[in-house]
Structures are given as structure tokens and as C-alpha cells.
Amino acid sequence: MNNIIICTSTNYNIETSEFDTSSVEAVINDAIKFNDDASIIIKSTIPVGYTEKVKKKFCKDNIFFSPE
């Protein structure tokens, strides 16, 4: 089994008090197209609960978060 590690910028927006996770989701989308069976490991800074959110969004159980 292959692993795909995502480590992209997730700038924090002070005005909205949120991280910009668009780059993470773009890479997840590309990773699924490239290898649907690979484990996707997020190393970027993300908000609490984000991993569960993208698992549901992309209908995948193989997305994990590994703190930096």
C-alpha cells in the first residue's frame, strides 16, 4: 500500500479566525485521482475535526492526520 503525505500551507486568516485548507483539499482530490487506495496523511496545520470532515466529503476512510 502506498502513502501520500500532504504538507501544504494553511495560512490563518485573523479576520475569519479560520485556516485556509483549500490547498489540502486540492491535494486530497488529486491524490484520490492518482491512487484511490493510497493512505493520505495530512501533515499541514488544520483545525480540530477537519480530518473527519474531509473523510465524509471525499467518502474515504484512508485519510489521517499526523501532527507536525
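**Sheet, helices and loops**

Biologist: How many bridges join S4 to strand S5?

Modeller: There are 3 bridges between S4 and strand S5 (residues 63-65), and the two strands run parallel. A pair of strands is counted when DSSP finds at least two bridges between them, while the elements themselves are DSSP runs, with helices being H or I over at least four residues and strands being E over at least two, numbered from the N terminus. This is a predicted model, in which local features need pLDDT of at least 70 and side-chain atom pairs count only at pLDDT 80 or more, whereas totals for chains, interfaces and linings use all residues. Residues are numbered from 1 along each chain as its sequence is written, and side-chain values use heavy atoms, with hydrogens and water left out.

Biologist: OK, and what is the strand order in the open sheet?

Modeller: The order is S1-S4-S5, an open sheet of 3 strands with parallel pairing. S1 and S5 are the edge strands, each pairing on one side only, and the twist from one strand to the next averages 25 degrees. Angles like this one run from 0 to 180 degrees between N-to-C directions, and the axes are lines fitted to C-alpha atoms, for helices over the stretch in contact.

Biologist: Which residues stand opposite each other in S4 and its partners?

Modeller: Strand S1 (residues 3-6) pairs with S4 over 4 bridges, in the parallel sense, and there asparagine 3 stands opposite serine 39, while isoleucine 4 stands opposite isoleucine 40. Isoleucine 40 also has a bridge partner in S5, namely isoleucine 63.

Biologist: Are the faces of strand S4 covered or open, and what sits on each side?

Modeller: Both faces of S4 (residues 39-42) are covered, with Ser39 and Ile41 on one side, Ile40 and Ile42 on the other, and all four of them buried. Buried means under 20% relative accessible area, exposed over 50% and partly exposed in between, using a 1.4 Å probe and protein chains only.

Biologist: Switching to helices, where does H2 lie?

Modeller: H2 lies across S4 and S5, running at about 170 degrees to S5. S4, helix H2 (residues 50-58) and S5 also make a right-handed β-α-β unit, which is judged with the strands pointing away from the viewer, the path from the first strand over the helix to the second then running clockwise.

Biologist: And how do H1 and H2 meet?

Modeller: The axes of helix H1 (residues 22-34) and H2 come within 12 Å and cross at roughly 45 degrees, so the two helices are oblique to each other; under 35 degrees would be roughly parallel, over 145 roughly antiparallel, and 65 to 115 roughly perpendicular, with the rest called oblique. The contact, meaning heavy atoms within 4.5 Å, involves residues including Val24, Ile28 and Ile32 of H1 and Tyr50, Val54 and Phe58 of H2.

Biologist: What about aspartate 61, buried or exposed?

Modeller: Aspartate 61, also in the loop between H2 and S5, counts as exposed because its relative accessibility is 67%.
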